Number of protein chains: 2
Amino acid sequence: MSNRPSTPAEVRRACRSGSWSEQTSGLAPGFAQANLVILPQADADEFHEFCRRNPKPCPLLEVLPAGEFVPRRLAPDADLRTDLPRYRVWKHGELIDDPTEINSLWRDDLVAFLIGCSFTFEAALLEAGLPVRHVELECNVPMFRTSIDCESVGRFHGPLVVSMRPFRPADAIRAVQITSRFPAVHGAPVHLGFPEQIGIADLARPDFGDPVPIHSDELPVFWACGVTPQTVLMAARPEFAITHTPGCMFVSDMTDRELLQSEEPVEIIDRNELS
Amino acid sequence: MSNRPSTPAEVRRACRSGSWSEQTSGLAPGFAQANLVILPQADADEFHEFCRRNPKPCPLLEVLPAGEFVPRRLAPDADLRTDLPRYRVWKHGELIDDPTEINSLWRDDLVAFLIGCSFTFEAALLEAGLPVRHVELECNVPMFRTSIDCESVGRFHGPLVVSMRPFRPADAIRAVQITSRFPAVHGAPVHLGFPEQIGIADLARPDFGDPVPIHSDELPVFWACGVTPQTVLMAARPEFAITHTPGCMFVSDMTDRELLQSEEPVEIIDRNELS
């Protein structure tokens with residue numbers, strides 16, 4: 001029998017008790033997972049604005065009021081200080097610790113950002129019968145820095161990072177249709193076909209993740225990637241920051257289906273509206 | 001002052017009176033235009049089923065009961081025998097006449113099919129700011145026979161014909177999104193990027209329409225084309241048929257906007273439901 005927790009509440013409980021400190025991929029299928037960024041109030045406003053202006057790489061699912069650690073929208077019984085498998089603690093852009101909880105680090109001026117994750121749209125692609133290469137190969141998605149600059153806000157700036165999934169043309173069209181309906185998790189691709197047009201020299205050498213083969217009848221399709229806010233954040237070297245450990249996401253109570261939108265992004269809960 | 005009729009009713013009245021017998025492109029902007037196919041009841045059922053099984057090239061907007069010439073859904077005050085600029089009359093697949101009205105040819109067993117036209121989605125592409133090459137060049141869209149077979153029904157069979165519009169990758173993605181919302185006028189592209197995969201040897205030599213240049217940073221994007229039912233119809237050589245003359249469409253009272261759907265095709269009025 002597997003000990004893998006299977007509901008979002010079970011995953012969070014297992015993280016909280018310390019019995020789960022691994023990646024969350026595949027856990028609680030059907031429920032959205034989220035990237036976590038925590039910043040002091042002094043940096044949070046600029047980062048918030050950066051996300052607002054760059055919604056493709058940084059789709060905000062929830063921004064909590066300063067000092068709050070209960071994400072009322074995504075999981076009202078959760079505690080962001082304990083309910084992820086593992087965290088990364090940064091000082092001035094340097095990784096200084098990777099604890100399994102951050103109770104002792106919590107401060108009243110910390111603002112938590114929960115950002116959409118591509119697991120949701122990948123589940124929808126697989127459900128539609130589209131082959132997702134890195135899932136088939138059980139490796140990490142290949143990711144590339146591009147020549148496309150994010151819109152900068154204060155100290156937060158940097159290149160858009162994209163993830164790449166190869167598809168045959170008819171499947172690429174289906175993939176555009178399907179992911180367009182998930183603006184809260186990066187939405188439609190930003191590019192397809194000509195990697196050099198967006199500053200990618202060699203698809204066999206991703207900047208992050210693993211390379212995957214592209215067959216001669218396939219097009220490389222590129223989506224804005226949640227690694228973008230992390231690279232932007234680290235480059236900005238804020239005095240203090242906490243993020244999730246890559247792959248160790250926050251598992252929410254929101255279903256993938258709730259993030260399905262025909263056109264409009266999900267309503268974003270503004271920190272100011274809540275406080 | 002221009003004598004161009006500008007509302008759908010004006011266009012139809014001008015056709016009826018004989019004062020307009022030219023192409024309808026650009027007339028009554030904002031209103032959907034339609035391809036017309038008229039067949040004797042004996043052939044109509046098979047053709048109807050062919051359209052139902054091949055909705056991408058043959059999106060039915062309305063099918064009239066046998067003998068009916070008033071399209072109650074698309075324009076309840078219209079008369080399909082007089083309200084198009086020009087018609088083509090076919091016997092056993094041979095063009096025998098191109099009259100400006102078909103009153104004297106009308107029979108109680110004739111069934112009229114009105115099929116969606118790409119003018120509607122091209123208007124939406126242009127409205128979104130996407131450059132449509134053949135519109136810019138004021139020529140006809142290039143069209144190609146493909147190696148993709150339509151699903152055959154009885155005598156009706158043949159290759160899918162596609163139209164091609166070149167776009168830069170980000171615009172190709174937008175074009176997929178926009179045209180996906182118009183399933184009643186061919187919907188999303190069927191292919192992009194690799195013409196040889198669908199049996200197109202030379203983009204500079206279209207089977208119908210005019211060639212257009214494709215720049216090195218552009219992808220050719222292919223949509224199912226309303227020429228498909230015409231070529232299928234002519235190859236089937238029915239005893240008798242009437243169609244519109246290419247470019248001389250039926251101008252309906254339905255707005256392009258009414259054909260805008262997020263997902264589902266417009267409800268198709270079935271001949272059997274009406275009779």
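Between chain B and chain A of this predicted model, the salt-bridge count is zero. What the interface does have is six residue pairs in polar contact, both partners being at pLDDT 80 or more. About 1600 Å² is buried between the two chains, and carbon and sulfur atoms give 67% of that area.

**The interface as seen from chain B**

- On the level of residues, 21 of chain B are in contact with 21 of chain A.
- Three residues of chain B lose the most area to chain A, namely B:I173, B:L192 and B:F194, and together they account for 31% of what that side buries.
- Which elements of chain B each supply at least two residues to the side that touches chain A? They are helix α5 (169-180) and strand β8 (191-192).
- Of that side, the largest share belongs to α5(B), with six residues.
- Sorted by class, the side of chain B that touches chain A holds 10 nonpolar residues, six polar ones and five charged ones.

**How the two copies are related**

- Why can one say that the copies meet through the same surface? Because 100% of the interface residues of chain B are also interface residues in chain A.

**A buried strand residue, B:V161**

- Strand β7 of chain B, residues 159-167, is where B:V161 sits.
- With a relative accessibility of 0%, B:V161 counts as buried, since the cut-off for that class is under 20%.
- Setting aside neighbours within four places in sequence, the contacts of B:V161 include B:M143, B:F144 and B:R145. Among the others are B:F208, B:W223, B:A224 and B:C225, along with B:V227, B:T228 and B:T231.
- B:P65 is 96 residues from B:V161 in sequence, and the two C-alpha atoms are 28 Å apart in space.

**Helix α3 of chain B**

- In α3(B), which spans residues 119-127, the buried residues are B:T120, B:F121, B:E122, B:A124 and B:L125.
- What do the buried residues of α3(B) pack against? Their partners in chain B are β1, α4 (133-136), β7, α5 and β9 (219-224).
- Strand β7, one of those partners, is the strand that holds B:V161.
- Helix α5, another of them, also supplies six residues to the side that touches chain A.
- Just after α3(B) comes B:G129, with a positive phi of about 85 degrees.

**Positive phi in residues other than glycine**

- B:A28 is not a glycine, yet its phi is positive, at about 45 degrees.
- The loop between α1 (8-17) and β1 (31-40) of chain B contains B:A28.
- Is B:A28 buried or exposed? With a relative accessible area of 1%, B:A28 is buried.
- B:R237, likewise a residue other than glycine, has a positive phi near 50 degrees.
- B:R237 belongs to the loop between α6 (227-236) and β10 (241-244) of chain B.
- At 46% relative accessibility, B:R237 counts as partly exposed, whereas B:A28 is buried.

Notes: Residues are numbered from 1 along each chain as its sequence is written. Chains are lettered from A and ligands numbered from 1 in the order in which they are written. This is a predicted model: local features need pLDDT of at least 70, side-chain atom pairs count only at pLDDT 80 or more; totals for chains, interfaces and linings use all residues. Side-chain values use heavy atoms; hydrogens and water are left out. Contact means heavy atoms within 4.5 Å. Buried area is the accessible area (1.4 Å probe) that two parts lose on being put together, summed over both. A salt bridge is a side-chain nitrogen of Lys or Arg within 4 Å of a carboxyl oxygen of Asp or Glu. A polar contact is a pair of N or O atoms within 3.5 Å; within protein, one must be able to donate a hydrogen and the other to accept it, and residues adjacent in sequence count only if both atoms are side-chain atoms. Helices (H or I, at least four residues) and strands (E, at least two) are DSSP runs, numbered from the N terminus. Ala, Val, Leu, Ile, Met, Phe, Trp, Tyr, Cys and Pro count as nonpolar, Asp, Glu, Lys and Arg as charged, and the others, Gly among them, as polar. Buried means under 20% relative accessible area, exposed over 50%, partly exposed in between (1.4 Å probe, protein chains only).
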